[in-house]
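Please read it alongside the sequence and the structure shown here.

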Amino acid sequence: MKVLVPVKRVVDYNVKVRVKSDNSGVDIANVKMSMNPFCEIAVEEAVRLKEKGVATEIIAVSAGVAQCQETLRNAMAIGADRAILIETDVELQPLAVAKLLKAVVDKEQPRLVILGKQAIDDDANQTGQMLAALLGWGQATFASKVEIAGDVATVTREMDGGLETISLKLPCIITTDLRLNEPRYATLPNIMKAKKKELANMKPAELGVDVAPRLTTLRVDEPPKRQGGVKVADVAALIEKLKNEAKVI
Amino acid sequence: MANLVIAEHDQGSLKAATLNVISAAVAIGGDVHVLVAGHNAAAAATAASQVVGVSKVLHADGAAHANLLSENAAAQVVANASGYTHILAAATAYGKSVAPRVAALLDKAQISDIIKVIDADTFVRPIYAGNAYATVKSSDSVKVLTVRGTAFAAAAKTGGSATVETVAAVADSGVASFVSAEVTKSERPELTAAKIIVSGGRGLGSGDKYREVLTPLADKLGAALGASRAAVDAGYVPNDYQVGQTGKIVAPDLYIAIGMSGAIQHLAGMKDSKVIVAINKDADAPIFGVADYGLVADLFDAVPELVAKL
Ligand SMILES: Cc1cc2nc3c(=O)[nH]c(=O)nc-3n(C[C@H](O)[C@H](O)[C@H](O)COP(=O)(O)OP(=O)(O)OC[C@H]3O[C@@H](n4cnc5c(N)ncnc54)[C@H](O)[C@@H]3O)c2cc1C
Ligand SMILES: Cc1cc2nc3c(=O)[nH]c(=O)nc-3n(C[C@H](O)[C@H](O)[C@H](O)COP(=O)(O)OP(=O)(O)OC[C@H]3O[C@@H](n4cnc5c(N)ncnc54)[C@H](O)[C@@H]3O)c2cc1C
């Protein structure tokens with residue numbers, strides 16, 4: 001069974017981004033970029049499925065600028081077998097990404113697509129669900145446990161009030177949550193091997209997909225700054241402040 | 001203009017988050033209709049009809065909605081979407097699973113987690129873990145939105161008198177089925193609706209210590225319990241306790257952060273709280289940068305003392 005894993009290149013989670021002074025966006029020139037952490041979890045899960053003999057081939061896909069090749073090499077160092085870059089300089093929104101991925105799914109015919117639940121830059125949490133809708137497939141979002149037996153995926157999901165387990169007919173979509181697994185580090189030999197793996201390049205037009213944005217960002221602002229307050233000397237002082245100054249207890 | 005709010009419910013009652021979504025729809029303007037897709041969910045439909053601001057409830061009742069599966073819910077919304085300019089859901093696990101699916105079926109963009117309505121086409125939403133607010137304008141004829149509950153006051157639960165119209169329920173998609181649920185049982189207020197939250201991090205050291213130290217404080221204050229990702233990952237508490245960028249977004253009157261450092265991903269989920277208290281033994285912990293009241297102390301001394309003195 002082929003597994004497709006879409007991976008996104010994002011600003012590293014340790015970077016605190018700054019809003020540009022002209023309010024046109026956030027300044028991401030010269031900041032460290034990494035694979036979205038939820039995508040790493042997705043690649044790891046696919047690799048584990050391959051190690052269990054469930055998956056036979058793992059294809060990583062990324063849509064975006066030429067530098068996404070690095071992210072794809074990273075995915076192949078973790079264990080993806082080959083990669084596809086859908087190269088474009090256009091600002092991609094989730095619906096466009098989902099359409100591009102659908103075109104890749106139509107070509108590659110995977111039985112399973114594993115995505116991150118959200119990218120930590122736009123925090124949209126949409127692409128997997130949109131892809132599932134476009135394909136007419138079932139979806140299991142926020143997965144914390146995945147089991148595949150025959151033609152059925154049984155997935156435990158992190159919900160607002162606890163956990164839910166659902167079963168899906170393959171082919172299906174899974175989006176990863178934090179506790180699905182702990183991604184391995186790529187070893188140096190695997191990093192070297194990844195450099196030799198196949199990385200195909202295609203353009204949105206070749207896939208027949210219109211990626212024109214539907215949303216325009218008019219401006220980006222700094223959120224209201226929260227002022228740090230005071231340090232209190234002891235528990236008694238804290239209680240006094242909460243009762244008499246903040247009046248919250 | 002006409003808004004369709006996708007109700008979140010447990011068949012019997014409406015989830016509190018839906019009341020915030022209704023307020024966002026009222027802010028957009030025009031009619032506000034609520035879709036209740038459920039199974040034997042007449043009580044939830046009646047509850048929706050009583051919310052102030054709602055003029056009509058569409059009630060789709062069928063076995064396909066018995067377990068609130070996203071595939072069927074999205075199909076139901078699409079079946080009833082005609083005539084609406086705005087389709088809204090809460091930015092909860094349920095809303096986030098359904099809304100993007102609806103948007104894709106309608107070939108529309110989806111705007112996630114709105115915190116402000118500028119006009120019918122323009123919305124503000126946080127990006128980069130809340131470190132920037134983007135003002136986004138949609139050129140689509142239908143806007144599909146998820147709403148951050150903490151940013152909109154809850155609509156009044158009673159006082160309205162909307163009509164309830166029955167609509168045909170969709171058939172089951174056949175691609176997904178419910179197996180089981182493991183619901184976290186708690187007598188405490190729901191995290192996203194609580195006035196006071198006592199939240200613990202890795203500093204607690206274990207699940208036993210988490211419960212032993214924090215439960216008395218939460219009991220005393222009538223508070224909900226929350227946690228950092230580190231505490232959830234380490235198994236101190238279930239996943240639904242997690243506050244943060246990739247957990248729950250909360251804004252209580254009082255948030256007491258105990259034994260947590262204040263990582264940006266955590267702050268993203270709680271920095272809109274009215275009053276923040278931090279108890280941490282490291283005077284340089286970033287959490288003190290957002291805390292109104294900081295107490296540098298060992299939590300194992302300070303918290304029991306706090307409980308005793310309250
Ligand atoms: C024995 C050993 C030796 C290592 N030696 C090195 C080393 O000399 N240099 C080094 O960079 N890492 C090395 N690594 C890998 C290192 O542990 C991290 O996996 C790597 O630095 C990734 O960190 P990051 O994801 O923050 O990447 P970043 O610092 O963000 O890296 C920048 C870009 O490089 C690409 N990249 C990162 N990791 C990989 C990868 N594993 N394969 C392909 N591309 C990747 C990504 O596209 C990324 O965007 C070594 C690992 C081991 C086990
Ligand atoms: C993709 C991604 C998503 C994430 N999403 C979230 C999220 O949604 N929510 C979230 O919380 N995190 C999230 N994180 C994790 C986040 O980056 C931090 O790792 C996490 O919040 C740290 O938890 P903590 O503060 O409990 O632990 P630590 O950072 O280890 O802090 C523990 C604190 O306890 C203090 N302490 C220890 N012992 C005592 C004592 N006896 N008395 C008093 N103080 C003590 C220490 O001084 C320290 O400051 C995410 C990370 C990534 C990469």
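## Helix packing

At what angle do helix 2 of chain A and helix 5 of chain A pack, and how far apart are their axes? In this predicted model, where local features need pLDDT of at least 70, side-chain atom pairs count only at pLDDT 80 or more, and totals for chains, interfaces and linings use all residues, side-chain values use heavy atoms, with hydrogens and water left out. Residues are numbered from 1 along each chain as its sequence is written, while chains are lettered from A and ligands numbered from 1 in the order in which they are written.

The two helices, helix 2 and helix 5 of chain A, pack at about 125 degrees with their axes 8 Å apart (axes are lines fitted to C-alpha atoms, for helices over the stretch in contact, and angles run from 0 to 180 degrees between N-to-C directions). That angle makes helix 2 of chain A oblique to helix 5 of chain A, oblique being what remains once angles under 35 degrees count as roughly parallel, over 145 as roughly antiparallel and 65 to 115 as roughly perpendicular.

## The site of ligand 1

Helix 2 of chain A gives the most, with 5 residues. Among the residues around the ligand are Glu70(A), Arg73(A), Asn74(A) and Leu188(A), a residue being near if one of its heavy atoms lies within 4 Å.

Oxygen atoms of ligand 1 lie 3.1 Å from a polar side-chain atom of Lys32(A), 3.1 Å from a polar backbone atom of Met33(A) and 3.2 Å from a polar backbone atom of Thr71(A). Taken alone, ligand 1 exposes 880 Å², of which the protein buries 51% (Shrake-Rupley method, 1.4 Å probe).

## The site of ligand 2

Ligand 2 is surrounded by 29 residues, the closest being Ser228(B), Thr246(B), Ser261(B), Gln265(B) and Asn280(B). Because residues from chains A and B surround ligand 2, the site is shared between chains.

A backbone N or O atom of Arg229(B) lies 2.9 Å from an oxygen atom of ligand 2, and a polar side-chain atom of Asp298(B) is 3.2 Å from a nitrogen atom of the ligand. Of the 990 Å² that ligand 2 exposes when taken alone, the protein buries 86%.

Key
Polar contact = N/O pair within 3.5 Å; in protein donor to acceptor, adjacent residues only side chain to side chain. Helix = DSSP H or I, 4+ residues; strand = E, 2+ residues; numbered from the N terminus.
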